[in-house]
Amino acid sequence: MTDTVDRSTDPVADATPERCPIHDLASDYDMFDPDYLRDPFSAWAELRNACPIAHTDRYGGSWLPTRYDDLQAMAKMVPVLSSKSPIVIDMPDALVKKDSTGYNAASPISADPPEQGWTRRALLPHFTPKGIAAERTYSEQLCHELIDGFIEEGKCDAAVDYAQQIPPRVIARKLGVDESMVDDFIEWVRGVLELGLQQPELRAKYRDIIRDFFAAEVADRRQNPKDDLITALCQTEHEGELLPDDVVVGMCNLQLVAGIDTTWSSIGSALWHFAGHDDDRRRMVDQPELWDTAIEELLRFYAPVTMARNATEDVEYGGVTFKKGDKILMNFPGANHDPDHFENPHEVQLDRQRNRHIAFGVGIHRCAGSNLARMEMEVALKTWFERIPEFTLSDPDAVTWAGGQVRGPRIVPVTFG
Amino acid sequence: MAIGVPVRIKVDAEKCEGHSRCYALAPELVDVDDLGNAFELNDGEVPEGLEDKAKLIVDNCPEYAITIEED
């Protein structure tokens, strides 16, 4: 992408030597553009051919890879592509709290080795398929209760009334905090990641609320141990010492910022898909044995999460130079649509056999909660189909999509029958 | 895959990052440890009739950690 540019005559390339030559998607993509949020797929397809590692100056500047092989390789460029600041838009210096170690942290997602390794090992046993058995039972009961609440009305908002309600309750239960916190959790997560992404003061406000809440919970568990994740983390040792409070608070913070709107986006996207694609909906009713591959396919196609990395030094990759400090968007959703790795990537194929999707990332930062997310998605969709096998999108124009780092539908009105 | 030839799967522990997708798709063939990292059941030998599932978990591993070996 850089070898065709005549830098002596192209003013754009001249001013920005590492970028693609023309003012277009490749040099000016906008991750918050409503058209991009509705249909990022065509943008990725265009970029993959024209400029597979694109750049924009918007929102502080970032790089956007779109090829599967590049995402695979870049995920393994550790620690030169650091995870210490995984949010796409950095907080202004004035709002960054530097007074306390790890104040902005959510280990292991916001850590590099070695901290990434020991915090991850502390967390993973609680998120294996067997480690989440209790959450599965709870999720099944929860999904039935939610459906009980609206099935008689013959309609609901599948995003607001269902998808959005499941992960915060599962996470609250896992952490061991009162279920009455759920509405707060939803507000806090949207405040930090959805609305707060472009509003730093809002993000700082909710960051502090979350941190203060979990600092109190951790202090409580030190005194009054319970049978929950917060207690388990408080009792975990690293090199003979209990994990410090700051680290445990950060790991609790991670449960909220990584475990809630991500999963509700996946559940919401799947229901949006079936509500608008009657052939696929009927196929799942007729062939429930396809759920295993169908869930992986929906994860591939509607992968919600884009994490960020920062270059810790100047590094050349794929014909571009990431300068020290540059932000790189780990466009796992884009990789999942690369035709070099997925046959007919723009089709949802519920029985897709070859599907090495990287919706949960790849390498050492593979989503620690991926099994929990997959389980919630499976239970949410199977329970919905068992109770409400026939449903359609009642008002397609009312559907809205949130984006930035977590893409998913926020309004999905459906009618039953 | 030739008919009647025993099929074995092998999980490369160095490559596995604990996605557990193989376990979700074929718990008859693999299990996972406390970190979610996969290991073969039955020394990797694939019971007759499950050859398609073996192929499926190979083709769904995002880390390219699972391979099929024919004896």
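# Close-up views of a predicted two-chain model

**View 1. The hairpin of strand 1 and strand 2 of chain A.** In this hairpin, which has five residues between the strands, Tyr59(A) takes a positive phi near 55 degrees. The model is predicted: local features need pLDDT of at least 70 and side-chain atom pairs count only at pLDDT 80 or more, while totals for chains, interfaces and linings use all residues. Residues are numbered from 1 along each chain as its sequence is written, and chains are lettered from A and ligands numbered from 1 in the order in which they are written. Helices (H or I, at least four residues) and strands (E, at least two) are DSSP runs, numbered from the N terminus. Strand 1 of chain A covers 53-56 and strand 2 covers 62-65, with Tyr59(A) in the loop between them. The two strands run antiparallel and are joined by four bridges; two strands count as paired if DSSP finds at least two bridges between them. Ala54(A) has Leu64(A) of strand 2 as its bridge partner. Is Tyr59(A) buried, exposed or partly exposed? Tyr59(A) is partly exposed, because 16 other C-beta atoms lie within 10 Å. A residue is buried if 20 or more other C-beta atoms lie within 10 Å of its own, exposed if 12 or fewer, and partly exposed in between, with C-beta atoms placed from the backbone.

**View 2. A tyrosine of chain B with positive phi.** Tyr64(B) is a residue other than glycine with a positive phi, near 55 degrees. Its place is the loop between helix 2 (51-58) and strand 4 (66-70) of chain B. Tyr64(B) counts as exposed because it has 12 C-beta neighbours inside 10 Å. Chain B averages a pLDDT of 93, and 93% of the residues score at least 70; pLDDT is the predictor's confidence in each residue, from 0 to 100.

**View 3. Two cis peptide bonds in chain A.** The bond from Val78(A) to Pro79(A) is cis, with omega near 0 degrees. Pro79(A) lies in the loop between helix 5 (68-75) and strand 3 (81-82) of chain A. Pro113(A) and Pro114(A) are also joined by a cis peptide bond, and here omega is about 10 degrees. The loop that holds Pro114(A) runs between strand 3 and helix 6 of chain A.

**View 4. The buried side of helix 6 of chain A.** Helix 6 spans residues 115-123, and its residues Gln116(A), Thr119(A), Arg120(A), Ala122(A) and Leu123(A) are buried. They lie on the same side of helix 6 because they cover an arc of only 155 degrees around the axis; the arc is that of the directions from the helix axis to the C-beta atoms. An α-helix has 3.6 residues a turn, so residues three or four places apart point the same way. The buried residues of helix 6 pack against helix 12 (229-234) and helix 13 of chain A. Two residues are in contact if their C-beta atoms, placed from the backbone, lie within 7 Å.

View 5. Asp246(A) is in helix 13 (residues 245-259) of chain A. Asp246(A) counts as partly exposed because it has 17 C-beta neighbours inside 10 Å. The C-alpha atoms of Asp246(A) and Asp69(A) are 36 Å apart, and the two residues are 177 residues apart along the chain. Lys130(A) lies in the loop between helix 6 and helix 7 (133-150) of chain A. With 14 other C-beta atoms within 10 Å, Lys130(A) is partly exposed.

**View 6. An open sheet of three strands in chain A.** The strands stand in the order 4-14-11, and the pairing is antiparallel. Strand 4 (155-157) and strand 11 (391-393) are the edge strands, each pairing on one side only. Three bridges link strand 4 to strand 14 (residues 413-416). Asp157(A) has Pro413(A) of strand 14 as its bridge partner.

**View 7. The side of chain A that touches chain B.** How many residues of chain A are in contact with chain B? In chain A there are 21 such residues, in contact with 17 residues of chain B. Helix 16 (291-301) and helix 18 (370-387) of chain A are the elements that give two or more residues to this side. Helix 18 provides the largest share, three residues. The model scores ipTM 0.94 and pTM 0.92.
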